[in-house]
Amino acid sequence: MSSVVSTTIIVVILIIILFFAVKNSLPHFRGEGGCCGGDAQEKRIKPAKLEHVIEEKVISIEGMHCENCTRRVQNALNSLDGVSAKVSGERKEAVVKLGRELSDSELSDLITGLGYRVVSVETRH
């Protein structure tokens, strides 16, 4: 009889652990939680209005899985002086308008430093 009781206790404990694991993971799967080290409360830095756009680049990015990922990349790009960026997680790209000279490698290094992979950087005319 004692083995039945201990088995029942173990099963109940496992059910409780599984319940909380699933409950705490749901926001992540919906892209709402603090995924990828992001902060769901962090505000998106809006793209700056540039007086003169000297160049526009489209950066293809892999590894952005949720809204926090796109917000993280956009905030990093928009924190640079002379940069106005909009990032789309659906298209897996960042459209970056430059008001000053900035090399492809500088933009790539910033994004890869966040943990994402830059597939390509194309200049729009």
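Keep in mind that the model is predicted, so local features need pLDDT of at least 70 and side-chain atom pairs count only at pLDDT 80 or more, while totals for chains, interfaces and linings use all residues. Residues are numbered from 1 along each chain as its sequence is written, and side-chain values use heavy atoms, with hydrogens and water left out.

Let's start with strand 1, which covers residues 55-62. Helices (H or I, at least four residues) and strands (E, at least two) are DSSP runs, numbered from the N terminus. Strand 1 pairs with strand 3 in the antiparallel sense, over 6 bridges; two strands pair if DSSP finds at least two bridges between them. To find a spot on that pairing, look at Val-58, whose bridge partner in strand 3 is Val-95. Strand 1 is also joined to strand 4, again antiparallel, by 7 bridges. There, Ile-59 has Val-121 in strand 4 as its bridge partner.

Ile-59 turns up again in the largest nonpolar core, which has 20 residues. A nonpolar core here is a set of buried Ala, Val, Leu, Ile, Met, Phe, Trp, Tyr and Cys residues joined through side-chain atoms within 4.5 Å. Buried means under 20% relative accessible area, exposed means over 50%, and partly exposed is in between (1.4 Å probe, protein chains only). The residues with the most contacts inside this core are Ile-59, Ile-61, Val-73, Leu-77, Val-96, Ile-111 and Tyr-116. Two or more residues each come from strand 1, helix 2, strand 2 (83-88), strand 3 (93-98) and helix 3 (104-113). Helix 2 gives the most, with 4 residues.

Helix 2 is largely enclosed by the rest of the structure, because 10 of its 12 residues are buried. Val-73 touches Ile-61, Met-64, Val-87, Ile-111, Leu-114 and Tyr-116, not counting residues up to four places away in sequence; a contact means heavy atoms within 4.5 Å. Thr-70 also lies in helix 2, residues 67-78, and counts as buried at 3% relative accessibility. Leaving aside neighbours within four places in sequence, Thr-70 is in contact with Arg-44, Met-64, Val-87, Ser-88 and Gly-89.

Over in strand 2 you'll find Ser-84, which counts as buried at 9% relative accessibility. The Ser-84 side chain reaches the backbone oxygen of Ala-48 at 2.9 Å. Beyond residues up to four places away in sequence, Ser-84 touches Pro-47, Ala-48, Leu-50, Asn-78, Val-95, Val-96 and Lys-97.

Now for the charged pairs. A search of the whole structure finds 5 salt bridges, each a side-chain nitrogen of Lys or Arg within 4 Å of a carboxyl oxygen of Asp or Glu. In one of them, the side chains of Arg-124 and Glu-56 meet at 2.8 Å, N to O. Arg-124 is partly exposed, with a relative accessible area of 42%, whereas Glu-56 is buried at 17%.

Arg-117 forms a salt bridge with Glu-62, and the closest N and O atoms are 3.1 Å apart. Here too the pair links strand 4, which holds Arg-117, to strand 1, which holds Glu-62, and the two are 55 residues apart. Arg-117 counts as partly exposed at 47% relative accessibility, and Glu-62 counts as partly exposed at 38%.

The side chains of Glu-93 and Arg-91 also meet in a salt bridge, at 3.1 Å, N to O. Glu-93 counts as buried at 15% relative accessibility, while Arg-91 is exposed, with a relative accessible area of 56%. Finally, Glu-55, Lys-57 and Asp-104 are linked in a network of salt bridges.

Note on methods:
A polar contact is a pair of N or O atoms within 3.5 Å; within protein, one must be able to donate a hydrogen and the other to accept it, and residues adjacent in sequence count only if both atoms are side-chain atoms.
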